[in-house]
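Here are a few notes to go with the coordinates. Have the viewer open while you read.

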Amino acid sequence: MTASQGRSPMTINSRISGLRDHTPEERLALVAEGAGLETASLDALQPHAGLSLAQADHMIENVVGIIGIPVGVATNFRIDGTDRLVPMATEEPSVVAAASNAARMARGHGGFTTSYTGDVMIAQIQVLDAIDPHATRFALLEARDELLALANEQDPVLVSFGGGAFDISVRVLPTRAGVQVILHLHVDVRDAMGANAVNTMAEAIAPRIAELAGTRTLLRILTNKAELRLTRARAVFDAELLGGPQVVDDIVAASAFAEADAYRAATHNKGIMNGITAVVLATGNDTRAVESGCHSHAARHGGYTALSQFEKDADGNLVGTLEVPLAVGLVGGATRAHPTAQASVRLLGVQTARELASIIASVGLAQNLAACRALAAEGIQRGHMTLHARTIAASAGAEVDEIGEVAARIVAERRIRVEFAREVLAELRAEKTSA
């Protein structure tokens, strides 16, 4: 059972105008109202009510403290016909605002639509020193049913929910350390991320694989290259809202650049991960697993390329598409243990890992579009640095009631630097003293 069961996602209204103009406390109340929740159900998003030191001490070893990361809420998202208010945990200015703005540009054309290949993860068992590697491969394939049965004995609960190991594949792999035989165990992990279940199965069948191969096994662990757990997102972004036909054409040209050039693709994909990682982190999922999976997918054809593409449709609007492997879940791990992650899941109103993955991919596409638009229309620094000005003001020593005015002055002067913010802050305080 997920944290959001008992509430229909159809009760969510993601179109909250002027959210940025309110205090954090007012925003939380507005977001809760938009999500159809009691404000108290999101209390864990408050610093005093989130992860405690005692809870952290049970999550990892040698705990000495807790680091806070801002959690913002992206608005305007409509995904597969359902509105979603999306929690995003990130320290980078402009990310949440950019995603919200991009979602607004897609909303009039139906928002985001997604597809999903399934909840399948792969475990790898490495066989070394096989005298006849190709015959060993056939022997392992002949034992498919036996190996699957042995794997499924390790997790009867997963099997009872319709998941479990359902297939194997075997590769003969030449390496600099000699020819190896690699068995892949395919496991439907349902609504879990799946690492623990898959690794347990891999370790359980490894001794039998060694017997069948007449040799020894070495590594037996999942791969984060989750190529059987792909999520695809698509959206049409309104040409007029983007800034007109020239902006559309320029985004298409920028997209083609990223597809063809690994240097550009690295930064292009970083923009995608700004959105993806923020939602993965907010929901207590494994950011490193998702990031490694996405980047390996970008290099699946032998060279590193863009994870997304942008094209112009017959009406002159911009069509964005994104395909990424997303090994995320709603059961187990930090998603269950971290109170703030639980609050994020409640806010999203998701019931399945598929829904969560669809939201994450949509946010990644929105974030990517926002970055490409900024680059094509005005350069990345103008909007980013304007939002970054508040961070600069705080770094210069401004108090909470001073940050807004300092930020406004350094933006107006187009000198968004700490040293200038200090000068402005000193002037501001001198003015208040003399008043």
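1. A quick definition before the pocket: lining residues are those with an atom within 4 Å of a pocket grid point, and helices are DSSP runs numbered from the N terminus. Keep in mind that this is a predicted model.

2. On that basis, α10 gives the most to the lining of the second largest pocket, namely six residues. Both α10 (262-282) and α11 (287-298) supply at least two residues each. The lining comes to 14 residues, with Thr 90, Met 273, Asn 274, Thr 277 and Glu 291 nearest the pocket centre. The volume is about 190 Å³.

3. Now the aromatics: the whole structure has two aromatic pairs. Phe 77 and Phe 112 have ring centres 5.4 Å apart and planes at 25°; the cut-off for stacked is under 30 degrees, so this pair is stacked. Phe 77 sits in strand β1 (residues 71-79) and Phe 112 in strand β3 (residues 112-116), 35 residues apart.

4. Phe 112 also pairs edge-to-face with Phe 237, at 6.1 Å centre to centre and 75° between the planes. Here the link runs from β3 to strand β8 (residues 230-237), across 125 residues. Relative accessibility is 0% for Phe 77, 0% for Phe 112 and 0% for Phe 237.

5. What does the side chain of Ser 344 reach? The backbone oxygen of Ala 282, at 3.0 Å. Ser 344 belongs to helix α13 (residues 339-348) and is buried, at 1% relative accessible area. Among its contacts are Leu 45, Pro 87 and Thr 283.

Methods
Residues are numbered from 1 along each chain as its sequence is written. This is a predicted model: local features need pLDDT of at least 70, side-chain atom pairs count only at pLDDT 80 or more; totals for chains, interfaces and linings use all residues. Side-chain values use heavy atoms; hydrogens and water are left out. On a 1 Å grid over the protein atoms alone, a cavity is a set of points where a 1.4 Å probe fits but cannot get out, and a pocket is an open set with protein on both sides within 12 Å along at least five of seven lines; lining residues have an atom within 4 Å of a point. Grid points are joined across faces, edges and corners, and a volume is the space filled by probe spheres set on the points. Helices (H or I, at least four residues) and strands (E, at least two) are DSSP runs, numbered from the N terminus. Buried means under 20% relative accessible area, exposed over 50%, partly exposed in between (1.4 Å probe, protein chains only). A polar contact is a pair of N or O atoms within 3.5 Å; within protein, one must be able to donate a hydrogen and the other to accept it, and residues adjacent in sequence count only if both atoms are side-chain atoms. Contact means heavy atoms within 4.5 Å. Rings of Phe, Tyr and Trp (its six-membered ring) pair if their centres lie within 6.5 Å; planes under 30 degrees apart count as stacked, over 60 as edge-to-face and the rest as tilted. Lists of a residue's contacts leave out its neighbours within four places in sequence.
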